[in-house]
Amino acid sequence: MAAQAYAMGRREINQHFNIRNAKLLAISFVLVLTAGHGIHRSYGVGDSCEWLLSSGRFLGENVWQPNGCMMHKYKISEVKSCLMSKYITFVGDSRIRQLFYSFIKVINSGIKESGSKHENISFEDKSTSLKVDFLWYPEVNNSMKDCFKAWTEGAQLKPHIIVVGAATWSIKIHNGSMEALTQYKINLTSITPLLEKLAETNDIYWVLQDPVYEDLLNENRKIITNQRIGLYNDAALSILNSSTRNMTAKVKIFRASKLVAEETIGGSLDGLHLPETTRDINAMILMNSYCNRIVKPIDGSCCLPRSPLSLIQKMTGCFFSICIIGCIVTYFCHSWRKSKPSNDVESGEEKKPTTASLSNPEKLLLSLSKLGLIMGYFYLCDRADLFMKEQKYYTHSTFFIPLVYIIVLGVFYNDNTKETTMLNREQTDEWKGWMQLIILIYHMSGASTFLPVYMHVRVLVAAYLFQTGYGHFSYFWKSSEYGISRICQILFRLNFLVVVLCLVMDRPYQFYYFVPLVTFWFMVIYATLGIWPQTGKKDENGSCSPYWEVVFKLLGLFLCICLFAASQSSFETTFSVWPISKLFEWQGSVHEWWFRWKLDRFAVLHGMVFAFLYGVLKKGHLLSESKGETLFAPRMSSFLLFTSVVVFLTYSIWCASCKNKTECNELHPYFSVLQILSFILIRNIPGYVRSVYSSFFAWFGKISLELFICQYHIWLAADTKGILVLIPGNPVFNIIVSTFIFVLVAHEISQITNDLVQIAIPKDNYIALKRLLCVAIFLVGILALSTVDQLNK
């Protein structure tokens, strides 16, 4: 009964929620969300700069998240580059002095807070001609006004950045009287025109007064209450930047400081002055507000201007626009022909319109049009500054709770395999699927900061490469098909989406590091097995290459890998030659490619060796792969199963005890294969386990490559550094909706790629070779155009 109810439940779900209906729903979500965010940006409140300065929340201890954008943590070198030859002034009381010190400590961490408290302080960095001053003006009065007036009249050197704020002294020395508040308003009203004149050419920040922790205040400061501070803040907000003023001359209100302090003032030593960590957050907010538009950090989307379109992006946009227009015209032409009745000349009867399948050119146009619309969504998500972005913050719950969910779903959707052989198609799809889902959760949650999870995910990446070696070796060993058409099909499936994204998103090929990695290793496998004597079937009887030929080739590949790994300089020199360098460079260097290649340099070879040994054992009838039977003899199966479990757990314990990433990464290439082999044996030795698979995981496994690539821009954000926010204010609902759209987009791209590969890659090797040469010439032209474009920037 339970099994019957389970089957009926699955049928009921599949009947009402199929992939077509899901995609229509996803399109509706995209249209509504795009329109909503567009209206919000056009008629809503402010931009990402204003969000940075006015709103936010704590994700965790000392991790501040502005609403809708990402904050970059600036390094000393970046700050010096941004503030070179700048003059910055902090004007105000002791709390502004604290902010001044936190700001200059970002430039020089060795600075000590010393000297008289109630006097001006100057800091200068001679290496960058940077000067930062603190001017002691604890009250908004005529003295402060004279200071600003001197700057507006040119009597003194005018600062590039002015940070000002004061009120607590007025409350304290005037005993919180309403007359003092009235005078504060009068003085601020007279100062505001000077501030706005300075704001026409400089950045002016008015810092709202932070709350106090009243229980810790000494007797002299008891009069400074949060209620009175609120009145002064309201006065400042009502006077500065009113709606009738010129928005181009805008004094920036620093509200976020107040919000940060509300959460952290409990850590104050005296109830008035903020904890150091809080001041550091405020200093970093100021850095992001000013420097993001200059430094343009990848992981800092607040105040980040939209990058201008490159020539290649414009050309790509025009191409897809032409395809979409052509597709629309073709559709209307077809509709007109179908609706037009035709008469049978002989019988005089009217014929009903017939539906004909699309020709290859029409399929090509339709596929490219759909891809163009999808690429438009990619651009809107991660380049157009339409949707919001937030930074990642790792907690154990953000990683392990989704992990439990997908395990439950994977167990719920299970089915019998068509074959019971080891690593059959359903099983490898399942393997790819659950690994990809874990990697997605890993990226979304920022779990790379947790070393045990990082090391296990490194094993998953190695397992993907292991499958690459296993799959391609097995295919060439069985089929001996080394034709150009086969190469083109594999290269097209692997690289098509990435090449299009490189053109649309203006990112180098190496940015999508996994695709260059698997492409490189596929070509290595092809070259290793395809050189004379070719590995594979030798005659119609199915006899294969002598084992010694295969062993010799595998040993040769092993030696080549070891030689390359032994000399980083030789490796980097090999891949630094144009146009190869354009494919493997990241930020002007091939070091990232060296790191990725070296980290899993033996994984593909391990997969090839495993495929070879599996073939040998199978040919020798040493495996029992019938349904329900253990893979080996009972005693051997029990021993191998027990050993595999022990090895698997031992590796996990070692990952948990590893001290740092550098140490772990050095050992990873040698030991990751142990956990991979252990998993294969655990999954395949028991006959029952080998004969079932999770259809849920297998479905994701079939689109695993598209999922891995698409996550960069339409699930994550800022080139994987942050999280895409489609629905602000509700993180859980946002993840659900963005994941739903992301998965269906990946599925559609997979279908488009499959359609295009049938059209673009002919079975005739000669025609395939000519098309391959044309594509190579096109790509070299794109690389040359990209090089010229970079030189002109």
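## The open sheet and its edges

Two strands are taken to pair if DSSP finds at least two bridges between them, and helices (H or I, at least four residues) and strands (E, at least two) are DSSP runs numbered from the N terminus. The model described here is predicted, so that local features need pLDDT of at least 70 and side-chain atom pairs count only at pLDDT 80 or more, whereas totals for chains, interfaces and linings use all residues. Residues are numbered from 1 along each chain as its sequence is written, and side-chain values use heavy atoms, with hydrogens and water left out.

In this model 6 strands form an open sheet of mixed pairing, in the order S4-S5-S3-S6-S7-S8. S4 and strand S8 (252–254) stand at the edges with a single partner strand each, so one side of each is left without a neighbour in the sheet. From one strand to the next, the twist averages 15°.

Strand S4 (residues 121–125) is joined by 5 bridges to strand S5 (residues 130–136), and the two run antiparallel. Within this pair, Ile 121 stands opposite Phe 134 in S5, while Phe 123 stands opposite Val 132 in S5. The hairpin of S4 and S5 has 4 residues between the strands, and Ser 129 takes a positive phi near 55° there.

In a regular strand the side chains alternate between the two faces of the sheet. The covered face of S4 holds Ile 121, Phe 123 and Asp 125, and the uncovered one holds Ser 122 and Glu 124. Helix H5 (residues 94–107) lies across strand S3 (87–92), S4, S5, strand S6 (161–165) and strand S7 (203–207), and runs at about 165° to S5; axes are lines fitted to C-alpha atoms, for helices over the stretch in contact, and angles run from 0 to 180 degrees between N-to-C directions.

## Helix H24

Helix H24 (residues 634–657) has 24 residues and reaches 35 Å from its first C-alpha to its last, close to the 34 Å expected at 1.5 Å a residue, where the expected span is 1.5 Å times one less than the number of residues. Ser 637, Ser 644, Tyr 651, Ser 652 and Cys 655 of H24 are buried (buried means under 20% relative accessible area, exposed over 50%, partly exposed in between, with a 1.4 Å probe and protein chains only). What covers these buried residues includes helix H16 (451–479) and helix H25 (661–684).

## Individual residues and their contacts

Met 388 lies in strand S11 (residues 388–391) and is buried, with a relative accessible area of 10%. Leaving aside neighbours within four places in sequence, Met 388 is in contact (heavy atoms within 4.5 Å) with residues including His 37, Trp 51, Ile 723 and Pro 728.

Ser 301 is found in the loop between helix H11 (276–295) and helix H12 (311–339), and is buried, with a relative accessible area of 10%. The side chain of Ser 301 reaches the backbone nitrogen of Met 70 at 2.7 Å, and residues touched by Ser 301, not counting those up to four places away in sequence, are Ser 48, Cys 69, Met 70 and Lys 389.

Ile 19, in helix H2 (residues 19–43), is partly exposed, with a relative accessible area of 34%. The C-alpha atoms of Ile 19 and Leu 744 are separated by 8.0 Å, although these residues are 725 residues apart along the chain.

Technical notes: A polar contact is a pair of N or O atoms within 3.5 Å; within protein, one must be able to donate a hydrogen and the other to accept it, and residues adjacent in sequence count only if both atoms are side-chain atoms.
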